[in-house]
Amino acid sequence: MLALQAAMAVTVAIYYGWPAGTAVLSGYATWQHAGGVFAAALATALAGGVLSELSLVYFQDKGRWSARHFEDMVFKFIFFFINGAVVYEFYCQQAVWFGQGIAWSVLVPKVLVDQFIFTVAWAMPFQTVVFRWQALRYSGKWLWRELNWDFVAERMLPVLVTNWMFWLPGVVLIYSMPTNLQTPLFIFATAIWGLLLPAVTRQGYSETAAPYPVPAPAEILATPAE
C-alpha cells in the first residue's frame, strides 16, 4: 500500500514538475477522454480483475492455475468493470460540483464527499455484499441470512477501515490531477485494491466456520427457488 501510494505521489510530482512527463501524461489523458466511460471501465476491469489475479497466481501460487482462479478473474473483471464506470462518472461529477485544481477549497470537499458519503453509502456496501455473495457460491438465500448487524460490524466495518487506510491518501493524490488523469491513477490503485478487497471480505470467515453449511455449486442448483 505504501509503495503504491509513493508511486502515485511520484506520478503527480512528474505531472507538475517535469515538462516531458506532463506531455506524456497529457497524451494519455487525451486518449482517456476519447474512450470515455467504456475505456475507463475496461481499463479498471483489466487492472482489478485480470492483473490482480495474475499477481496472485504467479507471486503467491507459483504459477499454478486452478478453476477457482479463472472464476475469480471473471468475477472480478465484471465487478471492476461496473465499479470503474461508476467511479468515472463520479469523478466527472465531482469536477462539476467543486471544480479542478490543487487548492484546498477543491481538494477537501472532493475527498470528504468521496470517502465519507460515496464510499460509506455506495462503494463499501456494494463491494462487501457482492464479494460475500461470491464467497457463498452466488446464493442469494445464504447471503440474505447474513445481512444483519453482525454483518455490518464484522464484514462492512473492516472493509471500510481498510478502504480509508488505502484510499484516503490515494484520493488526495487522484484529485490533485486534472479530471482526465484522475481515472488512470484510480486504475493504477485498483490493481492493488483488487488483491486487498477479496482478502478483507473473506477474513474471519471460512466455509467450515460458517454458522451454517456453505452450499457447494451443486447444492445451489438442486435447491428449489423460494
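Buried, in this talk, means under 20% relative accessible area. With that cut-off, Asp-72 at 9% relative accessibility counts as buried. The model is a predicted one.

The structure holds 4 of them. In one, Asp-72 is paired with Arg-68, and the closest N and O atoms are 3.2 Å apart. The two residues are 4 apart in helix α3, so about one helical turn separates them. Arg-68, with a relative accessible area of 31%, is partly exposed.

Another salt bridge joins the side chains of Glu-71 and Arg-137, at 3.0 Å from N to O. Here Glu-71 sits in helix α3 and Arg-137 in the loop between α4 and α5, so the bridge ties together parts that are 66 residues apart in sequence. Arg-137 has a relative accessible area of 14%, and is therefore buried.

Then there is Glu-53 with Lys-76, whose closest N and O atoms are 3.0 Å apart. Glu-53 belongs to helix α2 and Lys-76 to helix α3, so this pair connects parts 23 residues apart in sequence. Both Glu-53 and Lys-76 are buried.

Next, the aromatics. How many aromatic pairs does the structure hold? There are 21 aromatic pairs. Take Phe-38 and Phe-81: their ring centres are 5.9 Å apart and the planes stand at 70°, which makes the pair edge-to-face because the angle is over 60 degrees. Phe-38 is in helix α2 and Phe-81 in helix α3, 43 residues apart, and the pair links these distant parts of the chain. Phe-38, at 54% relative accessibility, is exposed, while Phe-81, at 26%, is partly exposed.

Tyr-58 and Trp-65 are also an edge-to-face pair, with 6.2 Å between centres and 75° between planes. Tyr-58 is partly exposed at 48%, and Trp-65 is partly exposed at 29%.

One aromatic cluster takes in Phe-75, Phe-79, Phe-80, Trp-122, Phe-126, Phe-131, Trp-133 and Tyr-138. Separately, Lys-141 lies over the face of Trp-142, 5.2 Å from the ring centre.

Last, helix α1, residues 2–17. Its 16 residues reach 22 Å from the first C-alpha to the last, close to the 22 Å expected. Which residues of α1 are buried? They are Leu-4, Gln-5, Met-8, Val-12 and Tyr-15. These cover an arc of only 100° around the axis, so they lie on the same side of α1. On the other side, Leu-2, Ala-3 and Gly-17 are exposed.

Definitions and conventions:
Residues are numbered from 1 along each chain as its sequence is written. This is a predicted model: local features need pLDDT of at least 70, side-chain atom pairs count only at pLDDT 80 or more; totals for chains, interfaces and linings use all residues. Side-chain values use heavy atoms; hydrogens and water are left out. Rings of Phe, Tyr and Trp (its six-membered ring) pair if their centres lie within 6.5 Å; planes under 30 degrees apart count as stacked, over 60 as edge-to-face and the rest as tilted. Buried means under 20% relative accessible area, exposed over 50%, partly exposed in between (1.4 Å probe, protein chains only). A charge sits over a ring if NZ of Lys or CZ of Arg is within 6 Å of the ring centre and within 35 degrees of the ring normal. The expected span of a helix is 1.5 Å times one less than its number of residues. The arc is that of the directions from the helix axis to the C-beta atoms.
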